[in-house]
Each structure stands twice: as C-alpha cells, then as structure tokens.
Amino acid sequence: MKKGRYGDFGGQYVPETLMKALDELEQAYNNYKNDESFQNELKDLLANYAARPSLLYFAKNITEDLGGAKIYLKREDLNHTGSHKINNVLGQVLLAKKMGKTRVIAETGAGQHGVAAATAAALFGMECEIFMGKEDTRRQALNVYRMKLLGAKVNAVTSGTQTLKDAVSETMREWTKRIDDTHYVLGSVMGPHPFPEIVRDFQSVISKEAREQIIKAEGKLPDAVIACVGGGSNAIGAFYNFINDKSVRLIGCEAAGKGVDTPENAATIANGSLGIFHGMKSYFCQNSEGQIAPVYSISAGLDYPGIGPEHAHLHKTGRAEYVPVTDKEAVEAFDYLSKKEGIIPAIESAHAVAHAKKIAGKMSKDSVIIICLSGRGDKDVAAIARYSGENIDE
Amino acid sequence: MSKITEAFKNKKLFIAYLMAGDPALEKTAEYILTLQNAGAGLIEIGIPFSDPIAEGEVIQGANIRALSNSIKLNDIFDMLVQIKDKITVPLVFMTYINPLFVYGYDKFFAMCEICGISGVIVPDLPFEEQDEIKSIMKKYGIDIITLVSPTSSKERTKNIAENAQGFIYLVSSMGVTGVRSNITTNIKSIVAEIKKNTDIPVAVGFGVSKPAQVAEFSKYADGVIVGSAIVRIIEEFGENAAKPLSEYVKNMVKALS
C-alpha cells in the first residue's frame, strides 16, 4: 500500500487535498516515462534548447596543482539558464503540458530552479508563479529580476525563516488551492512520491552522459563522483548511473555553514535525525520536539533542513558518503576554481570542489574524480564579495 | 462505539479548535473549559509545529506564538491531566506527524490515553500512510480522524469511509485553513457520498466562521468545525478572550440545525 519507498524512506505525507494531484501525476508519469514520442520530445529539448550533452572537462590545472587524482568537471553550468535545474524542469513542464495543466508553480532557494521553471513556462506558454523566501529574494536579487523578465510572478515568502524550507511549504499551500490547472514543479529529489523518482529520472541524464564520457576519455570508470547536496537533485543525477558500479565512491557534500558544531549549518546527514516532513520520511535538522530547525548556509540553494529520501537510503546502506563542507571551505574553493581554471562555480558546486581539494592529493595519479559542477557562479558574485568584506554594485 | 462517535449520537456538534499554548498554557486550560461550557460538543487541541503546511496565516500565527512560549508536548499533557476531571466532551489533538514521530508513537498515544484524549487529526498523514500509527492507536483506544476533501475521488472516499474511526473530517474547500466568506463546494453531495459507505458521523471544517454557514452545513453534516475564527478571537483578546469566545461559541451553537 505504501508508495515511493527507498528502504525506510520516502512516502506520501501530504494533506488529503493533494492526493488527487499526486495520483494524477504518478499515472501520467508512468504513462509518459515509457512513451517514445514524449522521450524524443524531451531529448530534442535537452539537445537543442538546454545544450546537452554538457561537457566533461578535464581540469588540468587543478589536477596538477593538487598532485593526485585526475579531476574532471561535469559542466552542468553550461546548460541553458546556467545550472542542472533545467534538466528536471524541461521534463516536468513538458509532462505538465501533456497533462493539460496551464499553470506551473515552483519553490526556489538560490533562484536557479525558479529561473529554470520560469524559462520553461515561457517556452511552453504557461502561467508561472515562483515562491521564494524573502531572505533569499534579498540574497539573490539578480535571479528574482531574471524570473520577472521571463514573465513569472515572484512571491516573497515571509513565514518562518523566509528561506527555502518556507518556500516549499508555501508552494505546497498554494498547490492545495489550485490543483486542477496547476502543476507544482518541485525542484529537488524530495517531497512526496512521485517527485523524488521523477526528479531523479530527469536528472539522471548527468550520470548517463558522464559515464559514457569518462569511459571514452579514460577507458574506465571514475574512482569517485562528488556533488553538493541540499535536497540532492544534482547529486542523485550525478550518482544514479554509477550506483551499481560498486568501485565508484559516491560522495555528497552538505552545507556545514559556520561548522557542524555550531547552530548555523544545514548538514542534514551530519546533524539531522529521522523525521517526516514535506511529504517524506527522511533525515531532517530538527530539535528534540520534532520542530524543524532553522538552518543556515552561505548558499541559498543548500539552505534546506532535509535531504531527499533516496540519499537517506544511500547513506543508511553505506553506498554513498556524505561529508560536511563549511562556508569558508566553499568560498576558498570558489576562489580556487575561478583563478585556476577560469570557471566561476555556483557556491553550491564549490562545496563539491572543496571536498575534491581535500581528497585528490591523497589519491594516486591514475585515479579519476568527477565533480558535478551543478551551476555557474554569476548569481553568487555579490554574496562572495560581501563575504570577503567588499561591497560591489550588482 | 468510540467516545467520539458516541458524542454525535442524536445531536449535531459544534466543534471548536484552539492552539495549545496560545497565548499561554494556563489560558488554554481555561479556554477549553470556556468552549465546553459555551456548548462546543467536541474540542480540537492543536499541538504547535514549526511548519504547518495545511494551515493558513491565522493558525500559522498561533503555531508561532505557542512555539515562542517554548511549549513542549509534556507541558501540554500536564495541562490536560490537571483539567481532566472537568472535561465532559471528547478531546482530540490536531497536529503534524513529525512531533509525534520524534516523541515516539507508543509513548505519545499512551500519554493521550492518560490525558483523556480520544482521537487525533494529522493533516499530513493521508489514508495511505496511516499504517504509520493505526495499530499503536488501537492499543490505547484512540481514534484516527481521517480527512476527505473536495478532490477525493469516489473510490478514495469509499476507502476512507469504510475504514473511518470517530468522525470524518470533510474539508469544505480547496486550500489551507482560514476564514472564507463563500464556500461553493457541494457539501451536500459529498456528505451523501460518504454516508453511502459508513455510519460514522461527518463534520465539515475549513473556512467556516459564521452562524449562517453553521446553519447551512449542519443541515447535511453531523458537525461543523471552526478553527481560524476562534484562534483569531484568542489572538485579538489574548488573556482576556474568555468572554468573547463564550459569546461567539454560544451564537454558533444556536445556529446548528
């Protein structure tokens, strides 16, 4: 009877009003996921609109500098709209269109998912509303304006901590008001079934390509795949087609903010415990009374108190490792990649770069690391400047 | 027959909701008795949660106020034990699944039994996920109150109705909790659909605030639930809400068909 489980995790813990929408979505997805014409349409969009396949770039300079494993970057930052988010959004909005929906709503933290959703809505001629924590609209003003340019209405969420968690809650509330014409384009591998599965499938294109590309380039599988994890969509996308390759280490980097031993972090695996929230059973940062904790990260996109249920399962079964990375380490890695390779990463992705910096030098020269560079850093430039004590005009 | 179902026998109920700890737990104890004395036939007590996704602004505000008083589950249980002897109507908890899960289901429902709680309403625990708590609740004789919404299919409604305990909570309209001036859902036909499959009473909630709505809905349903309007009175009058609460509830009770 229970649907959408990854071991002990997952499920459908939502208000009754949403169950119809979830059932409809599940049926539609089950129908279209094996439908050749749908898949061809999506493939065409990914190739000719989103610019896939994305490059697998050999980062020669940092490889030499770190003096160990060969480092490759899976360049999701080169996708249209500048992040991996477009992969999922094109899939979901196409699905929504096929379902006869005329309006999409979405939550966003850093704004990348909001921008992607607004982009797809514009492309498909659909109405679009984005919910974003008020604090995040301030941190990511550039992306807010971008969404507006694309024709979306941006709602600043003032409840709770005014960040991603509250944006998710508010989008769910909005969805309960209008499910007939509206699809909720959920942005990560979280929430109630079937979202974790749908988002993972649409993001798995990352590891599908990376697997082929690395075999072509190196004649073998990578030794490690590293990705940042908030809800975990780019990470599951980067991991998915390697899960059965037991020799490949899968490493998720969570936001440790000011440190896992401080109250200001968003490291769910390091500091969280089992709970049920936002439609899923998974790990959450919470207090002893089951109240969801206000979390913190320099990166608005990782500033979420939970993690997708499939990641929770990969953690529990030991298939993937999850490590905390602090703001400081991420900012250093942001700077490092920019200066060494001429690639400015999203501050989210910089968390993954930071961990690669820690381990690459200890690995042999014939080993290979793939880092999922989930997005580009334009949106973070002002925040990084502020962090470094510099004020720049955006 | 459960204590809740029993309460509906031969009469229509006005069901009142208030949030534990808003504005303070001693006041909650007082207001529960106020609601009872004014004629509420069943009282829902909210357990505050940081992220109440089914609630509109008014009840969200009550959650925040209660949590800012550092209300803990054990404090709520203590308060209930103190007034237990004065309570004659069934009490049910309304809260989200996470606080119960983290507290421990067995411990939680054992405490419910001790405190005289007869049922729980968990808006983020749909029918499909009720296995999570159902067998444990049975051990302590506590009912799980299931919601039906205007979007529930006939098949779902049938499943829910056939497995219902206590009463069925019919959500009057789409969206979250909150006062609505107009409810356009065809309550009559949904109640009829439910009644085809069960004898368990049906109460209508979400958006109800006026005596005219109570008069209308209680023509078809066995009870009418009011939350946001009551919470708003408590928000406005704070520690002095007993009198306006009592007047409000008396008027609403009078309107029952």
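These legends cover close-up views of cavities in a predicted model.

**View 1. Cavities across the model.** The count comes to nine cavities of 30 Å³ or more. The largest cavity has a volume of about 330 Å³.

**View 2. The centre of the largest cavity.** A lining of 29 residues surrounds this space. Nearest the centre lie A:His84, A:Lys85, A:Gly301, A:Leu302 and A:Glu348. By class, 17 lining residues are polar, eight are nonpolar and four are charged.

**View 3. Chain A elements around the largest cavity.** Two strands of chain A, strand 5 (103-108) and strand 9 (224-229), each give at least two residues to the lining.

**View 4. Two domains of chain A at the largest cavity.** Domain 1 (13-46 + 85-195) of chain A supplies at least three residues of the lining. Domain 2 (53-82 + 204-388) of chain A also supplies at least three.

**View 5. The centre of the second largest cavity.** Here the lining has 17 residues. B:Tyr169, B:Thr177, B:Phe206, B:Gly227 and B:Ser228 lie nearest the centre. The lining has 10 nonpolar residues, six polar ones and one charged residue.

**View 6. Chain B elements around the second largest cavity.** Strand 8 (223-226) of chain B brings at least two residues to the lining. Helix 11 (228-237) of chain B likewise brings at least two.

Conventions:
Residues numbered from 1 in each chain as written. Chains lettered and ligands numbered in written order. Predicted model: local features only at pLDDT ≥ 70, side-chain atom pairs only at ≥ 80, totals over all residues. Heavy atoms only, no water. 1 Å grid on protein atoms, 1.4 Å probe; cavity = no way out; pocket = protein on both sides within 12 Å on 5 of 7 lines; lining within 4 Å. Points joined across faces, edges and corners; volume = space filled by probe spheres on them. Helix = DSSP H or I, 4+ residues; strand = E, 2+ residues; numbered from the N terminus. Nonpolar A, V, L, I, M, F, W, Y, C, P; charged D, E, K, R; others polar. Domains from an automatic or database assignment.
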